[in-house]
Amino acid sequence: AQQAQQLKLASLGRLTASIAHEIRNPLGAISHAGELLAEQYAADHMMTKLTAIILKHTQRVNNIIETILQMSRKKTAEPAVFMLNDWLEKFIHEFTETKQLDDDDITLDMKADNLQIAMDPEQLHQVVWNLMDNAWFHAKREEKPYIHIRLEQNDKQIFLDIIDNGPGVPEAVQAHLFEPFHSARQGGTGLGLYLARELCQANRARLNYLHDTSNTGFFRISLPGEW
């Protein structure tokens, strides 16, 4: 099934790459016309609502094209040895600044120090950013949202867990969580988690959705502690 999915996506990637230019020209014209209409009829509530729909969905189509193009030209992993603890602290600082979060919106619990891994740092950044972005989107809003990141080592495995205080992934969705074009997030392409798992596998890592003893769902990246 996985090989069939890879063949389908490879073919889709080549097809999309060949027609992306033709799609983007009319898409850009539609988007530009929507922006002009929004400016010209800014005082018209109904027109503002309709132009917002146009712009929202043209952006969504463009995001789908970008993601598939990214998959079709996915580069080979180039592993480098680096300290995961230091990398994680810098990443959280970058994510917090970019999303304009408070310092206590993200907690980091490092149960092991001086953990070295061999992974493509650019691809790890892409995977963790995707998981963090999803976590923040689904974190609770009726109370203060937060993300908890847990780093630990068990024998020769290193575990990086990303946990939010949202409702978790519904059981009916979990079976299709890493399938392409399947998304429970409104406006999502359904490709982010699929691509994240593919990048992990390319780096001899694993990405899974698990439950802890309190039945709280979370994403875990399992990394080899030796290489």
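1. Start with Glu152 and Arg220. In this predicted model, their side chains meet in a salt bridge, at 3.5 Å from N to O. Glu152 sits in strand β4 and Arg220 in strand β7 (residues 217-224), so the pair ties together parts that are 68 residues apart in sequence. Arg220 has a relative accessible area of 15%; the cut-off for buried is under 20%, so Arg220 is buried.

2. The salt bridge count for the whole structure is eight. Asp102, Asp104, Asp105 and Lys144 are linked in a network of such bridges.

3. Asp105 and Lys144 form a salt bridge, with the closest N and O atoms 2.7 Å apart. This pair links distant parts of the chain. Asp105 is in the loop between α3 and β2, Lys144 is in the loop between α4 and β4, and they are 39 residues apart. Asp105 has a relative accessibility of 4% and therefore counts as buried. Lys144, at 41%, counts as partly exposed.

4. Lys144 also forms a salt bridge with Asp104. Here the closest N and O atoms are 3.7 Å apart. Lys144 lies in the loop between α4 (121-138) and β4 (147-154), and Asp104 in the loop between α3 and β2 (106-110), so this pair ties together parts that are 40 residues apart in sequence. Asp104 is partly exposed, with a relative accessible area of 47%.

5. Helix α3 (residues 84-99) passes a length check. At 1.5 Å a residue, its 16 residues should span 22 Å. The end C-alpha atoms are 22 Å apart, which agrees.

6. Which residues of α3 are buried? They are Leu84, Asn85, Trp87, Leu88, Phe91, Ile92, Phe95 and Thr96. Seen down the axis of α3, these buried residues fall within an arc of 160°, so they line one face of the helix. Just after the helix, Gln100 takes a positive phi of about 55°.

7. Next, the nonpolar core. The largest one has 40 residues. Leu84, Val128, Met132 and Ile221 have the most contacts inside it. Two or more residues each come from α3, β3 (116-119), α4, β4, β5 (157-164), α6 (192-202), β6 (206-211) and β7. Helix α4 gives the largest share of this core, seven residues. Leu84 is also among the buried residues of α3.

8. A nonpolar patch deserves a look on the surface. Met46, Leu50 and Ile53 form this patch, with about 270 Å² of accessible area together. Met46 belongs to helix α2 (residues 45-72). At 45% relative accessibility, Met46 counts as partly exposed.

Definitions and conventions:
Residues are numbered from 1 along each chain as its sequence is written. This is a predicted model: local features need pLDDT of at least 70, side-chain atom pairs count only at pLDDT 80 or more; totals for chains, interfaces and linings use all residues. Side-chain values use heavy atoms; hydrogens and water are left out. Helices (H or I, at least four residues) and strands (E, at least two) are DSSP runs, numbered from the N terminus. The expected span of a helix is 1.5 Å times one less than its number of residues. Buried means under 20% relative accessible area, exposed over 50%, partly exposed in between (1.4 Å probe, protein chains only). The arc is that of the directions from the helix axis to the C-beta atoms. Patches are made of residues with over 30% relative accessible area and no salt bridge: like charges are joined within 9 Å, nonpolar side chains (Val, Leu, Ile, Met, Phe, Trp, Tyr) within 5 Å. Accessible areas come from the Shrake-Rupley method with a 1.4 Å probe; for residues, only the protein chains shown count as cover. A salt bridge is a side-chain nitrogen of Lys or Arg within 4 Å of a carboxyl oxygen of Asp or Glu. A nonpolar core is a set of buried Ala, Val, Leu, Ile, Met, Phe, Trp, Tyr and Cys residues joined through side-chain atoms within 4.5 Å.
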